[in-house]
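Q: Hi! Could you walk me through this one while I have it open?

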Amino acid sequence: MPELPEVETTRRGIEPLVAGARVERVVVRERRLRWPIPWQVERKLTGARMLGVRRRAKYLLLESERGTAIAHLGMSGSFSVVAVGTEPDIHDHYDMVFDGGKALRFTDPRKFGSLLWGGREPLRHKLLADLGPEPFSAEFSGAWLKACSLGRRVAVKSFLMMPAVVAGVGNIYASEALYRAGIHPRRSAGRIALRRYDRLASAIRGVLSEAIEVGGTTLRDFADARGRPGYFSQRLDVYDRAGRNCRRCGSEIRRCVIGQRASYYCLRCQT
DNA sequence: CAACGGACCTGCCTGC
DNA sequence: TGCAGGCAGGTCCGTT
């Protein structure tokens with residue numbers, strides 16, 4: 001479900017609740033998410049003061065004075081803020097209960113999400129250590145993409161979705177960014193010129209920042225911490241628009257499958 | 001090494 | 001109406 005804009009929207013929604021609050025307890029109802037939730041999370045967080053919520057790629061870092069819990073939303077996960085005592089639903093897998101009568105509740109029908117313990121240096125956690133640059137960092141550029149792609153024959157669309165290449169780009173925004181940059185999603189990553197990668201890096205930053213501004217993309221069920229949908233779905237140029245007309249040239253938008261994922265592009269605008 | 005397919009799990013939609 | 005099949009916003013891991 002969520003890519004960088006949706007995770008960032010979630011972060012902004014839960015930060016006011018979390019920052020400065022004290023954890024009264026952590027209630028785990030389903031420990032078997034993508035990985036079992038380690039007992040350390042409850043042990044360390046209970047009684048701890050929370051410092052804030054940061055984001056790295058699609059991970060949310062819930063920082064406390066005793067270390068950081070690392071949450072991932074997977075494909076179908078979301079956080080919501082509930083009043084203490086609100087009856088949990090079947091897919092509400094854990095709550096972090098804070099002083100002040102509110103709790104952070106994690107819901108995830110598919111259980112692809114995760115909650116891990118990152119200790120004092122969460123960025124060194126195995127799952128975060130090898131992540132590529134954040135798209136809004138100075139490190140991320142066309143030159144970075146070019147350097148990363150040398151000698152690689154994988155489709156550029158799959159390449160963009162690799163966590164080690166750039167953090168936070170998933171299936172929707174990979175298609176959207178390639179459309180904006182005029183690059184065909186099947187083109188080999190190693191056969192793209194630096195200039196085109198410069199355009200692509202800008203397109204990635206552009207599409208992600210516009211999506212964040214409007215609260216992300218809701219196709220089926222994404223909602224922010226207050227239950228509100230994201231409005232970027234109205235601005236998608238290609239994703240989920242197969243058979244409709246390209247907003248730029250009027251040609252038909254095509255759907256194909258690349259790396260087992262649905263991909264969308266304009267045959268005329270993207271080469 | 002790079003690339004690919006399978007795996008994890010549930011819900012929803014389509015078509016027979 | 002029921003049921004099978006396909007599809008879904010992620011990404012790790014084992015195998016080629």
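Q: How do the residues of the surface near DNA strand B divide into nonpolar, polar and charged?

A: They divide into 3 nonpolar, 3 polar and 4 charged. Ala, Val, Leu, Ile, Met, Phe, Trp, Tyr, Cys and Pro count as nonpolar, Asp, Glu, Lys and Arg as charged, and the others, Gly among them, as polar. Before we go on: this is a predicted model, where local features need pLDDT of at least 70, side-chain atom pairs count only at pLDDT 80 or more, and totals for chains, interfaces and linings use all residues. Residues are numbered from 1 along each chain as its sequence is written, while chains are lettered from A and ligands numbered from 1 in the order in which they are written.

Q: Which residues are around DNA strand B?

A: P109, R110, K111, F112, R152, R153, V154, S158, G259 and Q260. A residue is near a strand if its C-beta atom, placed from the backbone, lies within 6 Å of it.

Q: And which residues come nearest to DNA strand C?

A: G170, N171, R220, F222 and A262, out of 23 residues around DNA strand C. By class, that surface has 11 nonpolar, 6 polar and 6 charged residues.

Q: Which elements each supply at least two residues of the surface near DNA strand C?

A: Helix 6 (171–181) and strand 10 (261–266). Helices (H or I, at least four residues) and strands (E, at least two) are DSSP runs, numbered from the N terminus.

Q: Is K111 buried, exposed or partly exposed?

A: K111 is partly exposed, because it has 16 other C-beta atoms within 10 Å. The cut-offs, with C-beta atoms placed from the backbone, are 20 or more other C-beta atoms within 10 Å for buried, 12 or fewer for exposed, and partly exposed in between.

Q: What about the phi of D240?

A: Phi of D240 is near 65°, again positive in a residue other than glycine. D240 is found in the loop between helix 7 and strand 9 (253–258), and with 15 other C-beta atoms within 10 Å it is partly exposed.

Q: Switching topic: what does the domain assignment of chain A give?

A: Domain 1 (4–129) and domain 2 (142–266); the bounds come from an automatic or database domain assignment. The centres of the two domains, taken over C-alpha atoms, are separated by 28 Å.

Q: How many residues of domain 1 are in contact with domain 2?

A: 15 residues of domain 1 are in contact with 18 residues of domain 2, where contact puts two C-beta atoms, placed from the backbone, within 7 Å. Helix 1 gives the most to the side of domain 1 that touches domain 2, with 8 residues. By class, this side of domain 1 has 6 nonpolar, 5 polar and 4 charged residues.

Q: How many residues has the largest nonpolar core?

A: The largest nonpolar core has 69 residues, and L160 and A177 have the most contacts inside it. Domain 1 and domain 2 both give residues to this core, so it lies between them. As for the term, a nonpolar core is a set of buried Ala, Val, Leu, Ile, Met, Phe, Trp, Tyr and Cys residues joined through C-beta atoms within 7 Å.

Q: What does A177 touch?

A: Not counting residues up to four places away in sequence, A177 touches L160, L200, A203, I204 and V207.

Q: Helix 4 next. Which of its residues are buried?

A: In helix 4 (residues 142–149), L145, K146 and S149 are buried. Seen down the helix axis, they fall within an arc of 100°, so they line one face of helix 4; the arc is that of the directions from the axis to the C-beta atoms.

Q: What do those buried residues pack against?

A: Helix 5 (156–160) and helix 7 (194–213). Just after helix 4, G151 takes a positive phi of about 75°.

Q: Last one: is V23 buried or exposed?

A: V23 counts as buried, because it has 24 C-beta neighbours inside 10 Å. V23 lies in strand 1 (residues 23–28), and leaving out residues up to four places away in sequence, its contacts are L45, T46, G47, A48, M50, M96 and F98.
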